[in-house]
Amino acid sequence: MLSIFLNGRLVQVPDGISVAAALLGAGVTAFRHSISGEPRAALCGMGICFECRVTIDGRAQQKSCQVTCCEGMKVDTA
């Protein structure tokens, strides 16, 4: 198990899990919002749709389905 911060909340996640899976497992249903305000989250799960973008360790626009969780990682949704 790893400890990561999801929107400032410390959570335990399985080693090897993607950030998208960690967010969904923690009950986060909106990873970001479209320009018109619609909630967005993981759709394709393989990095093609860009709907799952979040900020990871201060780097914006990271595809959460393509990043594996690391100990102490900070993930913020918008």
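Is Cys52 buried or exposed, and what is its relative accessible area? Cys52 is buried, at a relative accessible area of 2%; buried denotes under 20% relative accessible area, exposed over 50%, and partly exposed the range in between, with a 1.4 Å probe and protein chains only.

The legends below describe a predicted model, in which local features need pLDDT of at least 70 and side-chain atom pairs count only at pLDDT 80 or more, while totals for chains, interfaces and linings use all residues. Residues are numbered from 1 along each chain as its sequence is written, and side-chain values use heavy atoms, with hydrogens and water left out.

View 1. Phe31 lies in the loop between helix 1 (19–25) and strand 3 (32–33); helices (H or I, at least four residues) and strands (E, at least two) are DSSP runs numbered from the N terminus.

**View 2. The salt-bridge network of Arg32, Arg40 and Glu51.** A salt bridge is defined as a side-chain nitrogen of Lys or Arg within 4 Å of a carboxyl oxygen of Asp or Glu. The whole structure contains two salt bridges. In one, Arg32 pairs with Glu51, with 3.1 Å between the closest N and O atoms. This pair links distant parts of the chain, as Arg32 belongs to strand 3 and Glu51 to the loop between strand 4 (39–40) and strand 5 (53–56), 19 residues apart. Arg40 also forms a salt bridge with Glu51, at 3.1 Å from N to O. Here Arg40 of strand 4 is linked with the loop that holds Glu51, the pair being 11 residues apart. Arg32 is buried, at 13% relative accessible area, whereas Arg40 is partly exposed, at 29%.

**View 3. Cysteine pairs without a disulfide.** A disulfide is a covalent bond between the sulfur atoms of two cysteines; the criterion applied is a pair of cysteine sulfur atoms within 2.5 Å. Zero disulfides are found in the whole structure. For Cys49, the closest cysteine sulfur belongs to Cys44 and is 3.7 Å away, too far for a bond. Cys49 is partly exposed, with 23% relative accessibility. For Cys52, the closest cysteine sulfur is that of Cys65, at 3.7 Å, which is likewise too far for a bond.
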